[in-house]
Amino acid sequence: MQTPGSQPVTEGSDQVVRARVTMGYDRGMHARPALLLAQRAREFQADVALVLISCPVDISTPPGTRADAKSMLDLMFLQAPRGSELDVEAVGADAEAAVEAIEALFRDRFGIRD
Amino acid sequence: MPATKIIEHVLNEHCIPALESDTREAVIMELADAFVASGALTEEQRDRLLVSVVEREEAATTGVGNGVALPHPKTVEDVAQLGQVLIAVGLRADGIDFRATDGEPVYIVFLVASPSNLEYLEVAKRIAALARGGSRAEKWRRVVRQSRTAGAMREALEDAWEELAP
């Protein structure tokens with residue numbers, strides 16, 4: 001479902017931690033997963049972003065669109081239907097932990113069971 | 001890109017510039033009634049829609065912040081019999097308690113019934129664009145809220161989406 005493990009990548013002076021995740025939740029970036037993601041991302045000091053990499057179906061949001069992972073509304077803008085690939089990117093002191101937490105949420109399909 | 005623009009799913013008959021209801025459930029009902037009044041839904045379809053929307057709302061608020069909410073059914077299967085996306089929009093000047101994520105009252109409510117999840121995501125994107133932070137979205141929310149007729153609401157939404165999320 002997703003590439004395991006986050007990889008620190010040095011870009012300029014900022015250490016960007018990045019991991020590829022796949023939208024496994026059936027309904028894509030609905031309000032609820034967006035809210036759960038934003039709440040989790042806000043637990044960290046690091047700047048956390050989600051970048052839409054690819055989407056298996058035709059949507060109006062182009063690949064490369066970046067969203068502030070701490071903003072539910074920004075995340076909804078990505079649409080990200082099931083099967084979309086996204087990069088989680090974080091910069092800051094706790095960037096690695098932030099990326100791991102977001103990866104875990106995707107892996108768990110946001111913990112939504114209905 | 002979607003074949004049709006989202007605004008084409010917003011009909012004047014489904015725009016209510018001054019909602020009579022002031023509670024979350026009653027507002028959802030008032031908007032769903034607009035679908036029946038226009039002939040878009042039968043009473044039976046409305047009832048099924050209502051159960052699903054209220055159930056979804058109880059699981060987690062769709063009040064996404066900045067005075068905007070987008071109640072919708074729990075699953076697209078609950079409205080699978082619809083031929084197309086239906087969107088009803090209601091305004092309430094003094095706000096509605098939607099238990100929104102930011103704790104603020106909701107002034108613009110979009111009831112979205114989409115038989116297709118992909119189309120729902122397209123609609124939700126436009127509504128998110130209107131609800132986002134920043135002065136441009138704020139300006140358009142103000143324009144929408146100041147609309148006094150259904151036609152003016154629809155025009156304001158069309159212009160807003162053209163600028164914020166074409």
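**Notebook: chains A and B**

I began with one pair of residues: Ala88(B) has Leu111(B) in β5(B) as its bridge partner. Before going on, I noted that this is a predicted model, in which local features need pLDDT of at least 70, side-chain atom pairs count only at pLDDT 80 or more, and totals for chains, interfaces and linings use all residues. Residues are numbered from 1 along each chain as its sequence is written, while chains are lettered from A and ligands numbered from 1 in the order in which they are written.

**Confidence**

I looked up the scores next. The model has ipTM 0.85 and pTM 0.89. For chain B the mean pLDDT is 94, and 98% of its residues reach 70 or more. (pLDDT is the predictor's confidence in each residue, from 0 to 100.)

**The sheet of chain B**

I went back to the strands. Helices (H or I, at least four residues) and strands (E, at least two) are DSSP runs, numbered from the N terminus. Strand β4 (residues 86–96) of chain B and strand β5 (residues 106–113) of chain B run antiparallel, joined by 7 bridges. Two strands pair if DSSP finds at least two bridges between them. I then traced the open sheet in chain B: 5 strands, in the order β1-β4-β5-β3-β2, with mixed pairing. Its edge strands are β1 (10–16) and β2 (63–65) of chain B, and each pairs on one side only.

I checked the loop between β2 and β3 (68–69) of chain B, where Asn66(B) lies. Asn66(B) is not a glycine, yet has a positive phi of about 55°. Most residues other than glycine have a negative phi. Is Asn66(B) buried or exposed? Asn66(B) counts as buried, with 21 C-beta neighbours inside 10 Å. (Buried is 20 or more other C-beta atoms within 10 Å of a residue's own, exposed 12 or fewer, partly exposed in between; C-beta atoms are placed from the backbone.)

**Two helices of chain B**

I took helix α4 (residues 135–145) of chain B and helix α5 (residues 150–164) of chain B. Their axes come within 9 Å and cross at roughly 170°. That makes α4(B) roughly antiparallel to α5(B). (Under 35 degrees is roughly parallel, over 145 roughly antiparallel, 65 to 115 roughly perpendicular, the rest oblique. Axes are lines fitted to C-alpha atoms, for helices over the stretch in contact, and angles run from 0 to 180 degrees between N-to-C directions.)

I listed the residues that meet. Trp140(B) and Val143(B) are among them in α4(B), with Met153(B) and Leu157(B) among those in α5(B). By class, this contact has 9 nonpolar, no polar and 2 charged residues. (Nonpolar: Ala, Val, Leu, Ile, Met, Phe, Trp, Tyr, Cys and Pro; charged: Asp, Glu, Lys and Arg; polar: the others, Gly among them.)

**Where the chains touch**

How many residues does each chain bring to the contact? Chain B gives 18 residues and chain A gives 18 residues. (Contact needs C-beta atoms, placed from the backbone, within 7 Å.) On the side of chain B, β2 and α3 (117–131) each supply at least two residues. α3(B) gives the most, with 9 residues. I sorted that side of chain B into 11 nonpolar, 4 polar and 3 charged residues.

**Chain A**

I finished with chain A. It holds 3 helices and 5 strands, running β-β-α-β-β-α-β-α from the N terminus. Of its 114 residues, 45% count as buried. Arg109(A) sits in the segment after α3 (95–107) of chain A. Arg109(A) has a positive phi of about 50° although it is not a glycine. Arg109(A) is partly exposed, with 16 other C-beta atoms within 10 Å.

Methods: Contact = placed C-beta atoms within 7 Å.
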